[in-house]
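The following paragraphs lead through a single protein model, element by element. Please keep the sequence and the coordinates at hand while reading.

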Amino acid sequence: MAVVALMASRHEPNRAAAASRAIWLRLARGTDCRRIAQLFRISSEGVADYVWSQLQDEFPGLSLLEIGERRYRREGTAFSYRNCLVAERAGDVVGMMHAFAIEPPGPEQTQDEEPPDPVLQPYAELEAPGSLYIAGIALLPEHRAQGIGTMLLAAARQKAHRMGTGELSLLCLESNTGARRLYEREGFRVVDRRPVVPHPMIHAAGDVLLMAAPV
């Protein structure tokens with residue numbers, strides 16, 4: 001079911017103009033995967049490109065963005081369009097949020113035998129089991145600072161309520177001060193951090209922050 005949020009003023013004299021400014025939040029569809037990958041790329045400061053570059057042997061001949069699109073087309077996995085909510089304006093997807101629950105470790109859960117990728121290890125170590133994890137939230141540049149990010153976070157809280165989850169979590173690059181200000185306004189606080197591992201594809205410095213907020 002789509003969630004509707006009108007951002008135009010109720011006093012807007014032109015109904016067509018008001019409709020063009022309206023934002024719809026809805027569950028993602030398979031046809032949204034290209035735009036979801038584009039937005040996830042925006043939010044990750046190169047981390048998404050690095051992850052997708054490690055899959056080039058699996059997807060020979062595809063661009064990094066095409067690999068990302070294929071990844072989001074999958075079913076039955078956390079990194080799927082099924083776990084995405086998109087923000088739509090005038091028929092165009094202008095933002096997205098990707099969120100899924102991180103299950104607490106089971107009593108018999110063991111560590112992976114394969115050594116972790118050293119570039120990705122900091123992100124893998126920063127988890128809040130039992131939380132609804134916001135793996136990505138992004139907007140096209142021309143649609144920022146209009147309250148859409150706040151709407152997406154409110155939708156995450158609604159999802160957490162439905163799931164019976166008491167906490168939201170996300171990762172934020174320390175260098176992304178604008179995103180961090182938004183999260184702090186929404187009640188998120190830094191609970192852990194790791195240094196970003198330098199790599200030519202990753203356009204960030206400092207730490208990656210694990211932030212959490214009560215639902």
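Which residues of α6 are buried? They are Ile-148, Gly-149, Met-151, Leu-152, Leu-153, Ala-155, Ala-156, Arg-157 and Ala-160, where buried means under 20% relative accessible area, exposed means over 50%, and partly exposed lies in between (1.4 Å probe, protein chains only). The model is predicted, so local features need pLDDT of at least 70 and side-chain atom pairs count only at pLDDT 80 or more, whereas totals for chains, interfaces and linings use all residues. Residues are numbered from 1 along each chain as its sequence is written, and side-chain values use heavy atoms, with hydrogens and water left out.

Helices (H or I, at least four residues) and strands (E, at least two) are DSSP runs numbered from the N terminus. Helix α6 covers residues 148-163, which makes 16 residues. The expected span of a helix is 1.5 Å times one less than its number of residues. After α6 comes Gly-164, which has a positive phi near 75 degrees.

The account now turns to the strands. Two strands pair if DSSP finds at least two bridges between them. Strand β2 (residues 23-27) pairs with β3 in the antiparallel sense over four bridges, and Arg-26 has Val-86 of β3 as its bridge partner. On β4, the bridge partner of Val-86 is Met-96. The pairing of β3 with β4 is antiparallel as well, with six bridges, and Glu-88 stands opposite Val-93 of β4. Two residues lie between the strands in this hairpin, where Ala-90 takes a positive phi near 50 degrees. The series continues with β4 and β5, which pair in the antiparallel sense over seven bridges; here Met-96 has Ala-138 of β5 as its bridge partner.

Why is β3 described as largely enclosed by the rest of the structure? The reason is that six of its six residues are buried.

Phe-100 is found in strand β4. Its C-alpha atom is separated by 8.7 Å from that of Cys-84, 16 residues away along the chain. With contact defined as heavy atoms within 4.5 Å, Phe-100 touches Ala-78, Phe-79, Asn-83, Ser-131, Leu-132, Tyr-133 and Ala-135, residues up to four places away in sequence not being counted.

Aromatic rings form a further set of links. Rings of Phe, Tyr and Trp (its six-membered ring) pair if their centres lie within 6.5 Å; planes under 30 degrees apart count as stacked, over 60 as edge-to-face and the rest as tilted. By this rule there are five aromatic pairs. In one of them, the rings of Phe-79 and Phe-100 have centres 5.6 Å apart and planes at 65 degrees, so the pair is edge-to-face. Phe-79 lies in the loop between α4 (64-72) and β3 (84-89) and Phe-100 in strand β4 (residues 92-101), so the pair ties together parts that are 21 residues apart in sequence. Phe-79 is partly exposed at a relative accessible area of 28%, while Phe-100 counts as buried at 14% relative accessibility. Phe-100 also forms an edge-to-face pair with Tyr-133, at 5.6 Å centre to centre and 85 degrees between the planes. Since Tyr-133 belongs to strand β5 and Phe-100 to strand β4, this pair ties together parts that are 33 residues apart in sequence. Tyr-133 counts as buried, at 13% relative accessibility. Ring pairs link Phe-40, Tyr-72, Phe-79, Phe-100 and Tyr-133 into a cluster.

Where is Ser-131, one of the residues that Phe-100 touches? Ser-131 is found in the loop between α5 (121-125) and β5 (132-139). Ser-131 is buried, because its relative accessible area is 0%. A polar contact is a pair of N or O atoms within 3.5 Å; within protein, one must be able to donate a hydrogen and the other to accept it, and residues adjacent in sequence count only if both atoms are side-chain atoms. The side chain of Ser-131 makes such a contact with the side chain of Ser-169, at 2.7 Å. A polar atom of the Ser-131 side chain also lies 2.6 Å from the backbone oxygen of Ala-128. Leaving aside residues up to four places away in sequence, Ser-131 touches Phe-100, Ala-101, Ile-102, Thr-165, Glu-167, Leu-168 and Ser-169.
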